[in-house]
Amino acid sequence: MAAVSVSSRVFVLALALLAAVTCRGCLAAALSTKYYDKTCPAVQSVVRSAMARAVAADPRAGASVLRLFFHDCFVNGCDASVLLDDDVSSQFTGEKGASPNLNSLRGFEVVDAVKAAVEASCKATVSCADVLALASRDAVALLGGPKWNVKLGRKDARTASQAAANTNLPGPGSSLASLVASFAAKGLSARDMTALSGAHTVGRARCVTFRGRVNGGDADAVNATFAAQLRQACPASGGADGSLAPLDAETPDAFDNGYFRELAQRRGLLHSDQELFNGGSQDALVRKYAGNGAAFASDFAKAMVRMGSLAPAVGTPLEVRLNCRRPN
Ligand code: HEM
Ligand SMILES: *[C@@H]1O[C@H](CO)[C@@H](O)[C@H](O)[C@H]1NC(C)=O
C-alpha cells in the first residue's frame, strides 16, 4: 500500500514537472476570468473598493496606474516586473530607472495599497500582475470609461530588465511609423495602437516631454492658441521641466473621446499624439473616435484585453509575489 502511494506520488510529481516544462509558454492561453473564483472570490470587489478610494482622493492616480500596466506589459509581458525596486543584492537593476520611467512613473503606492487589501482577504494567492490588470480596468471605469472582463492567472517575474524597458517603450518624440512598429513588435495592430493611445484622455505630462512641441520645435503643426497657453508654464528655457499639463485639455480627468477631438484640432500635447492625426494612416480612425465615443470605448476595451495578454518569455522564473516591490 505504502509502496503504491509513494510510486503514485512520484508519478504525479513527474506529470506535474512535465506540465511545468511543456506549459511554460502557454501562460497567455491559461488566462481565465474565473481564475480566482474558488481561491479568492472577493478579489474583484476588494480591488474595486481600493481603487475607488485612490481615485476619489486623486483622479490622476487612476491615470498613473493605467500607465503602469502599459509599461509592465510592454516589457517582457504583464508580469509586474515594472513594480520591482532595484534588487538589494544587485541581482538586477529594475525598470523604474529606465529613461521612459525615471521621475515619471507614479502610482506605486496605490498598487501597494490595493495589493495589501487583497492580501488581507486572500493570502499569497493573487499575483501583482493580476492586481495591476484589475486595478487598471477599474481605474478606467471609475474615470467614466468602458468596463471589460479581465482575464486572470498571470504570475509575477522574479527579475526585471532596465535595458528591455529602454528599448521596448515608445518615447514622446516617436514618429507614426515607429509607434506602429513598436506595437507591431508586441503583436498589436495600428488600430490597437491608436485606440490604446486614447488612454491619454486622462493624466498629465511634464513640460520636458512637450517643450519642443509648444516652443516652435515640432514639424507637426500645433494649434497656435494651445501652444501659446502651454508656453506660459513651459517656456523654451528656464527650468520648468516638471510643470504639468493635461494630455487631454478638453476633459483632463474624464475617460472619454475628448483626446481624439483635441488631436483633430491639432491640440495633441505630445509629438507622438499628434502623429496619429497628421495626414497619415490613422487620421480616419482618429476622426471616427472623435465623433463616436462608443466606437472608441469598444475598441479600447478589446485592445486592453489583447495588451493584457502579453506573456513573459518562455523560461522567465515566475511566482505570486507577496510584496509587489521585491521577489519573495
Ligand atoms: C503610443 C505610445 C505612447 C507614448 C509615446 C506615450 C508617452 C507618454 C508620455 C511621454 C507621458 C508623460 C510622462 C511624463 O511626463 O512623466 C505619458 C503619460 C501617460 N500615458 Fe502614455 N504613451 C504612449 C501610450 C500609452 C498607452 C498605450 C497607455 C495606456 C494604455 C498610456 C497611458 C498613459 C497615461 C494614463 C499617462 C498619464 C500618467 C499620469 O498622469 O501619471 N500611454 N505617456
Ligand atoms: C485651435 O484651438 C481652438 C480652441 O482652442 C479651436 O477653436 C480652433 O479651431 C483650433 N484650430 C485649428 C486649426 O484646429
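## Ligand 1

A polar side-chain atom of H200 is placed 2.9 Å from a nitrogen atom of ligand 1, in a predicted model. Pairs of this kind are polar contacts, meaning two N or O atoms within 3.5 Å; inside the protein one atom must be able to donate a hydrogen and the other to accept it, and residues adjacent in sequence count only if both atoms are side-chain atoms. A backbone N or O atom of R204 is 2.9 Å from an oxygen atom of the ligand, and a backbone N or O atom of R206 is 2.7 Å from an oxygen atom of ligand 1.

There are 24 residues around ligand 1, and the nearest of them are R60, S64, S104, H200 and R206. A residue is counted as near when one of its heavy atoms lies within 4 Å of the molecule.

## Ligand 2

N223, Q265 and R267 surround ligand 2. The side chain of N223 has an N or O atom 2.3 Å from an oxygen atom of this ligand. From R267, a polar side-chain atom lies 2.7 Å from an oxygen atom of ligand 2. Q265 takes part through its backbone, with a polar atom 3.3 Å from an oxygen atom of ligand 2.

In the interface, 16 residues of domain 1 are in contact with 14 residues of domain 2, where contact means heavy atoms within 4.5 Å. About 1,200 Å² is buried between the domains, with carbon and sulfur atoms giving 73% of that area. Buried area is the accessible area (1.4 Å probe) that two parts lose on being put together, summed over both. R60, L143 and W148 supply 39% of what domain 1 buries against domain 2, more than any other three residues.

Between the domains there are 0 salt bridges and 2 residue pairs in polar contact, counted with both residues at pLDDT 80 or more. On the side of domain 1 that touches domain 2, α4 (59–73) and α6 (128–142) each supply at least two residues. Helix α4 gives the most, with 5 residues. Helices here are DSSP runs (H or I, at least four residues), numbered from the N terminus.

## Salt bridges

The salt-bridge count comes to 15, a salt bridge being a side-chain nitrogen of Lys or Arg within 4 Å of a carboxyl oxygen of Asp or Glu. One pair is K96 and D85, whose side chains meet at 2.4 Å, N to O. K96 and D85 are 11 residues apart, each in the loop between α4 and α5 (108–121).

## Conventions

Residues are numbered from 1 along each chain as its sequence is written, while chains are lettered from A and ligands numbered from 1 in the order in which they are written. Local features need pLDDT of at least 70, side-chain atom pairs count only at pLDDT 80 or more, and totals for chains, interfaces and linings use all residues; side-chain values use heavy atoms, with hydrogens and water left out.
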